[in-house]
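Let us read this model feature by feature.

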Amino acid sequence: MNLTLKVWRQKNADSKGSFVTYEVKDISSEMSFLEMFDVLNERLVSEGKEPIAFDHDCREGICGTCAMYINGRPHGPWHATTT
Ligand code: FES
């Protein structure tokens, strides 16, 4: 599966941010959204680029730390779920 992501990147609160488009290829539909970001970040680091920062902790839907705004909705399309 391939995905096109438009990720808001902003170095700090004083800098101007912008959306950056990333193509993520050959990812499994069984991956969580966070695992997909891990794959993308491994690629960015191998290319000498800054990885995407995101909060997470348990990755099991318990702590609620992985708050993201996906496709215009908090946490994505599913009701009452974490990212
Ligand atoms: S990291 Fe704990 S619910 Fe997402």
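**Reading the model, step by step**

A: Start with one residue in this predicted model. Asp26 counts as exposed, because 7 C-beta neighbours lie inside 10 Å.

Q: Where is Asp26 placed in the chain?

A: Asp26 is in the loop between β2 and α1.

Q: What is the value of phi for Asp26?

A: Most residues other than glycine have a negative phi. Phi of Asp26 is near 55°, a positive value in a residue other than glycine.

Q: Which loop holds Arg59, and what is its phi?

A: Arg59 lies in the loop between α1 and β3 (69–70). Phi of Arg59 is near 55°, again a positive value in a residue other than glycine.

Q: Why does Arg59 count as partly exposed?

A: A residue is partly exposed if its count falls between the two cut-offs: 12 or fewer means exposed, 20 or more means buried. Arg59 has 15 C-beta neighbours inside 10 Å, so Arg59 counts as partly exposed.

Q: Is Glu30 buried or exposed?

A: Glu30 has 7 other C-beta atoms within 10 Å, so Glu30 is exposed. Its place is in the loop between β2 (18–24) and α1 (33–46).

Q: How many of the seven residues of β2 are buried?

A: The number is zero, so β2 lies largely in the open.

Q: In which sense do β1 and β2 pair?

A: For a strand pair, read the direction and then the bridges. Strand β1 (residues 3–9) pairs with β2 in the antiparallel sense, over seven bridges.

Q: What is the order of the elements from the N terminus on?

A: The elements of the chain run β-β-α-β-β. That comes to one helix and four strands.

Q: What percentage of the residues of the chain count as buried?

A: Of the 83 residues, 6% count as buried. The C-alpha atoms fill a box of roughly 35 × 35 × 25 Å along the principal axes.

Q: What percentage of the contacts comes from residues 24 or more positions apart?

A: Take the contacts in the chain with a separation of 6 or more; residues 24 or more positions apart account for 16% of them.

Terms used: Residues numbered from 1 in each chain as written. Predicted model: local features only at pLDDT ≥ 70, side-chain atom pairs only at ≥ 80, totals over all residues. Helix = DSSP H or I, 4+ residues; strand = E, 2+ residues; numbered from the N terminus. Contact = placed C-beta atoms within 7 Å. Pairing = 2+ DSSP bridges.
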